[in-house]
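Please open the model in your viewer and keep the selection panel at hand.

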Amino acid sequence: MPSYLERRQIRYPLYGLIAVILVLLGILSYYNMIAGGIGYLLTGLLIYFIFQMNYKMKKETEAYISTLSYRVKKVGEEALMEMPIGIMLINDDYYIEWTNPFISSCFHEDTLVGRSLYDVADTLVPLIKQEVETEIITLNDRKFRVIHKSEERLLYFFDVTEQTEIEKMYHDERTVISIIYLDNYDELTQGMDDQTKSSLNNLVTSILNKWATNNGVFLKRVSSERFIGVFNEHILHLLEKGKFSILDEVRETTSKQNVPLTLSVGVGTGVSSLPELGSQAQSSLDLALGRGGDQVAIKLPNGKVKFYGGKTNPVEKRTRVRARVISHALKELIIESDKVMIMGHKNPDMDAIGSAIGILKVAQMNNREGFIVVNKQEIDTGVRRMMEEIRHNEDLYERFISPEQAYEIASDDTLLVVVDTHKPSMVIDERLLHRIENVVVIDHHRRGEEFLKNPLLVYMEPYASSTAELVTELLEYQPKNGKIQMLEATALLAGIIVDTKSFTLRTGSRTFDAASYLRSHGADTVLVQRFLKEDVTTYIKRARIIENVYFYRDGIVIARADEEEECDQVLIAQAADTLLTMDGVSASFVISKRADNLIGISARSLGEVNVQVIMEHLEGGGHLTNAATQLQNISLGEAEYMLKSAIDDYLEGGNKE
């Protein structure tokens, strides 16, 4: 480091000052020799001391720098060798060239030099090959954050074991709120005497309290049919491992008492705000109830939902009070609107078209203009036959319009009724959902995670055989301003017959009541059979698919169509239905290419296997016994592999969406 006197900023002014002093002393000596001599002496002494001090400071600075350099070097060496940070140098062949003592001690070795990473820590090799900059890995029961410097072939290891444990402890201790609901409590206790009801309450409370005590859950009954449970995420993980066995315990225990009570549980987790947890728990419970109950719904922070249970079909409600209330509410909404648009799902089936015709009749009974939105190029053979029959009825046929026409004539006061689906991605035209604010949903499918936003009215009953059954009940409570025509009644009956497989599946007493009501209004069963007829070619194609069937797991069969074969969704579904009638088959899955370049999968079961959960794993949905999905940008083989994985995941306990 240069002396301060050697710097230009100081040196030149100092030399100038000395020169000025010498000149002044020269002038003083001219007039007074003694005074001038004394001045020269003092100035010389002062200059001497200045340069002497500068020299001394220079030596001290050099000595300090030399000492500091030594200390810094020593600290660097000690940091490299002694600090709890691992450092490893490797070569291109993944052999270790050098490590500091810390990382060697972590492997309980004196030295790792010359060893291969494949022998020492093979988990590091993929990280290096993929040029991952940072990753947390486990080495000898310790967690390390590894930082990879690819250019220097250098690895840093930071021990984060304690940090990871603290994070895990934090996540495990986070609060979870659950709402436990007795699905059919009101229905079961309606005709009970006080003693029997009290006995049932004691039984259920005893089962739940024992379960809560054994699992560390705080449980509080807040009403006759509702409990609140509070626990933490660690307990939630344990309950998930046991697949919420409390569902089975309550169902089986109460069934022995001839009162088959089921539970639905909504769980809120993953957030720290208690109000938000409560809101999530209620939302999850609504989802579980919308899917038919007897299950647990867990809404995750990322928007995904896990489901456990759902092993029983929804119980049919004995009273029609809700149907009457919904019918009157729908009537008010129709009266307040200027016109009514009715829209089903893409590639509509008999149920979608039949229920749409039923809602059209409801609109006409309330003196409002109604239109059914349909894409006539995307209908199957049975619906096409129905449309040919409708063509002969001009008043009804002109009510069918395209999505483009619907978009043009829709106004701010238009009411949109969505039937036979509740998913925005499944409707015929999503633009109408954004164009029309007033939306009503009528559906019989179990509620999925995806749902229409902010509907004015929702009528979803998973117990119902079909949407046509629900609409028929709504019709019964509407003003008798117009008689139901034969063709309208037949269309509704066709929807019921198709979805119940001619009254063999998901059929309750109210299904027959609805069919009886339609039959009394002229529904023609022979005409329905004409709609449902199939040609010989279709029969042969279905037989070819069934020919490829094989048992994948106990009671579960899979049939895959040939690579070059293209089948419509109806044919795939029919093949799955046919397989279900075979001896030893409890669930059937059929995979085939479709004409729209999608891979279609139809799933059917007799109730032992929840095919809805399996199809939801593949972005599909449906009912416990009847579900489907469509996959894009994959081959038949890939779809078959994904299906097998979903079945394995379901059977091994991963009932999730």
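Select E563 first: in this predicted model, E563 counts as partly exposed because its relative accessibility is 36%, a value between the 20% and 50% cut-offs. R560 is likewise partly exposed, at 24% relative accessibility. The side chains of these two residues, R560 and E563, meet in a salt bridge, with 3.0 Å from N to O. Side chains of opposite charge can pair when their charged atoms come close.

Next, select helix 6, which spans residues 161–173. Within it, K168 and D172 are 4 residues apart, so about one helical turn separates them. A salt bridge links K168 to D172, and their closest N and O atoms are 2.8 Å apart. Which of the two is buried and which is exposed? K168 counts as exposed, at 51% relative accessibility, whereas D172 counts as buried, at 13%.

Proceed to helix 10, residues 246–256, where D248 and R251 lie 3 residues apart, about one turn of the helix. Their side chains form a salt bridge of 2.9 Å, N to O. Both D248 and R251 are buried. The count of salt bridges in the model comes to 25.

Finally, select I34, I38, L41, L42, L45, Y48 and F49, which make up a nonpolar surface patch with about 770 Å² of accessible area together. One of these residues, Y48, is located in helix 2, residues 33–82. Y48 is partly exposed, with a relative accessible area of 48%.

How values were computed. Residues are numbered from 1 along each chain as its sequence is written. This is a predicted model: local features need pLDDT of at least 70, side-chain atom pairs count only at pLDDT 80 or more; totals for chains, interfaces and linings use all residues. Side-chain values use heavy atoms; hydrogens and water are left out. Patches are made of residues with over 30% relative accessible area and no salt bridge: like charges are joined within 9 Å, nonpolar side chains (Val, Leu, Ile, Met, Phe, Trp, Tyr) within 5 Å. Accessible areas come from the Shrake-Rupley method with a 1.4 Å probe; for residues, only the protein chains shown count as cover. A salt bridge is a side-chain nitrogen of Lys or Arg within 4 Å of a carboxyl oxygen of Asp or Glu. Helices (H or I, at least four residues) and strands (E, at least two) are DSSP runs, numbered from the N terminus. Buried means under 20% relative accessible area, exposed over 50%, partly exposed in between (1.4 Å probe, protein chains only).
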